[in-house]
Amino acid sequence: MLRVAVPNKGALSEAAHEILAESGYRRRRDPKQLRLVDADNDVELFFLRPRDIAVYVGSGTLDVGITGRDLLIDSGAPARELLPLGFARSTFRFAAPVDGGVASTDALGGTRVAAAYPGLVRAWLDERGVDATVVGLDGAVESAVQLGIADVIADVVETGTTLRQAGLQVFGEPLLESEAVLVVPADRDPHPGVDVLARRLTGVMTARRYVLIDYDVRNEHVEAAAAVTPGLESPTVSPLHDSGWSAVRAMVPRADTNAVMDELWEVGARAILVTEIHACRL
Ligand SMILES: Nc1ncnc2c1ncn2[C@@H]1O[C@H](COP(=O)(O)OP(=O)(O)OP(=O)(O)O)[C@@H](O)[C@H]1O
Ligand SMILES: O=P(O)(O)OC[C@H]1O[C@H](OP(=O)(O)OP(=O)(O)O)[C@H](O)[C@@H]1O
Ligand SMILES: [Mg+2]
């Protein structure tokens, strides 16, 4: 049975539960549940703190887990990233007070850097030979400068709202671009069941990225329309009962949906329908 670590709370948790449910795995019934056996899928889910997941997987106690790339690096655990999962995207950045704070990574020497990811920040500083002190905190790091225990912070930034409210601004390049990732032990072959899990998750991510488009078009315009919707291999073209017309079906990137519909209309397509794809294997 594949033993899977899943975030029990925090920013990763809801989206992780959602993608697993869409991948056909059982949902836990209440948020306090710590373990769930899904015998039909031959998996056992363990609901753990996201910060601890790379530690469990790295030790080999659990076979695979969902965590953040930033948390994986911060842990220093012998686990590796197998598959990026496309949610909980954030950057990890330095920031300092808007008025008169540190404004460049060249000026970090001798400063105190507050962070809830001290391992990640220490490694970044050491790689560059920067002699700064890392002040490890649990969260709400944005308050550390105003409260006088640090000169700069290094933290997760998504919209930047929290930084702005604290009177801070980012400086330098991001230390990291993070997102949720599937992790496996670094020092051994993954459990054979990991392949199926990764394939299912990839299927859901693809299904989310594409829609299915159907339309009717006169036979003489099929080539022009097919060029607008080439699909993955090639669009499906079927005859309609009226022999002058064809029906066409293809996958289209979700982000392009309306532009594609506009172009199809221009080349004479009609009855253009867009539907969701719930799952796929490509
Ligand atoms: N606002 C955010 N937007 C996107 N990702 C985020 C955000 N906040 C945290 N993350 C990501 O979530 C993961 C941290 O998970 P964690 O559960 O610790 O989040 P959290 O919501 O900060 O939890 P808590 O603050 O309750 O400890 C990291 O990978 C981090 O990059
Ligand atoms: O750029 P933003 O969209 O504002 O998001 C980033 C903030 O979100 C998270 O905070 P969280 O609410 O988890 O609190 P914490 O700092 O105590 O973890 C993260 O630690 C940042 O503080
Ligand atoms: Mg947080």
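Q: Which of the 14 residues around ligand 1 come nearest?
A: Gly10, Ala11, Gly68, Ser90 and Glu158 do. To be counted around a ligand, a residue needs its C-beta atom, placed from the backbone, within 6 Å of it. Keep in mind that this is a predicted model, where local features need pLDDT of at least 70, side-chain atom pairs count only at pLDDT 80 or more, and totals for chains, interfaces and linings use all residues. Residues are numbered from 1 along each chain as its sequence is written, while chains are lettered from A and ligands numbered from 1 in the order in which they are written.

Q: What makes residues of the shell around ligand 1 nonpolar, polar or charged?
A: Just their type: Ala, Val, Leu, Ile, Met, Phe, Trp, Tyr, Cys and Pro count as nonpolar, Asp, Glu, Lys and Arg as charged, and the others, Gly among them, as polar. Sorted that way, the shell around ligand 1 has 6 nonpolar, 5 polar and 3 charged residues. The shell around ligand 2 splits into 5 nonpolar, 5 polar and 3 charged.

Q: Which residues of helix α1 are buried?
A: In α1 (residues 13–22), Ala16, His17, Ile19 and Leu20 are. Buried takes 20 or more other C-beta atoms within 10 Å of a residue's own (12 or fewer is exposed, in between is partly exposed; C-beta atoms are placed from the backbone).

Q: How do you know that they sit on the same side of α1?
A: Take the directions from the helix axis to the C-beta atoms. They cover an arc of only 165 degrees, which puts these residues on the same side of α1.

Q: What covers the buried residues of α1?
A: The cover includes β1 (2–7), β4 (64–68), β11 (180–185) and α6 (194–209). Contact here means C-beta atoms, placed from the backbone, within 7 Å.

Methods. Helix = DSSP H or I, 4+ residues; strand = E, 2+ residues; numbered from the N terminus. Contact = placed C-beta atoms within 7 Å.
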